[in-house]
Amino acid sequence: MRIFHKNFKSIHFKEILNSWGFSWKGLIHNSSGEWLLCSQISIILCHLIPPFSLQLTIIKEQMSWNIALAYISGMILVSSFIRAYKALISLGGSLSPLPKPKLEGTLRTKGSYRNCRHPIYQSIILCSLAINIYLLSAFHMILFFLLCIILRKKALYEEKELKVIHKEYNKYISETPAIVPGILLLDWRE
């Protein structure tokens, strides 16, 4: 599969994956945290499953807040997309979906990374939260908690590697919330 880049030069999808550190050997041996990424993608895709018998329809019908719930979840969703976009722009060439950071990557502590060490993970969690608010589904709530656990593990893996690559990361980690400030599972500092 070919993708056209800004300067109209075609690059292969395989080259993009290689630049991020993907390899079949890595996937088999989990050498760069590939299993965490696969788990994250699986949980995100499960969010597309419509609610079924576990849906909290009684609460949703009794409250008759459908419009309010749709509005609130829509605002959270738009906010999370804007946060993710800004974080992706800030990362530039340091971007990798794997938790193992690029060795040649630059440590980002400004912009989206000033108030949160993992703004992309924060955006993913906010998207999941928006889906939960809209659907009021117990199944999707379970997915939300699983996603929080996976993203925490992924962030901890990434931080362990960043401490080795960037000596100044220890200072940054002590001053900046991890994913969501004040939430024990998603905010740890050293």
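**Cysteines, helices and surface**

Modeller: The structure holds zero disulfides, a disulfide being a pair of cysteine sulfur atoms within 2.5 Å. This is a predicted model, in which local features need pLDDT of at least 70 and side-chain atom pairs count only at pLDDT 80 or more, while totals for chains, interfaces and linings use all residues. Residues are numbered from 1 along each chain as its sequence is written, and side-chain values use heavy atoms, with hydrogens and water left out.

Biologist: Is C148 buried or exposed?

Modeller: C148 is buried, with a relative accessible area of 2%. Buried means under 20% relative accessible area, exposed means over 50%, and partly exposed is in between (1.4 Å probe, protein chains only).

Biologist: And what about C38?

Modeller: C38 is partly exposed, at a relative accessible area of 37%.

Biologist: Changing topic, how many helices and strands are there in the chain?

Modeller: The chain has eight helices and two strands. Both are DSSP runs numbered from the N terminus: helices are H or I with at least four residues, strands are E with at least two. Along the sequence the pattern is β-β-α-α-α-α-α-α-α-α.

Biologist: Which residues of helix 5 are buried?

Modeller: They are L69, S73, I76, S80, A84, A87 and L91. Helix 5 covers residues 66-91, 26 residues in total, and reaches 37 Å from its first C-alpha to its last, close to the 38 Å expected at 1.5 Å a residue. That expected span is 1.5 Å times one less than the number of residues.

Biologist: What follows helix 5?

Modeller: G92 does, and its phi is positive, near 55 degrees.

Biologist: Where does Q122 lie, and what is it in contact with?

Modeller: Q122 lies in helix 6 (residues 119-135) and counts as buried at 11% relative accessibility. Leaving aside neighbours within four places in sequence, Q122 is in contact (heavy atoms within 4.5 Å) with R83, C116, I179, V180 and P181.

Biologist: How much of the chain counts as buried?

Modeller: Of the 190 residues, 37% count as buried.

Biologist: What about contacts between residues at least 6 apart in sequence?

Modeller: Of those contacts, 69% join residues at least 24 apart.

Biologist: Finally, where is L146, and how exposed is L146?

Modeller: L146 lies in helix 7 (residues 138-165) and is partly exposed, with a relative accessible area of 41%.
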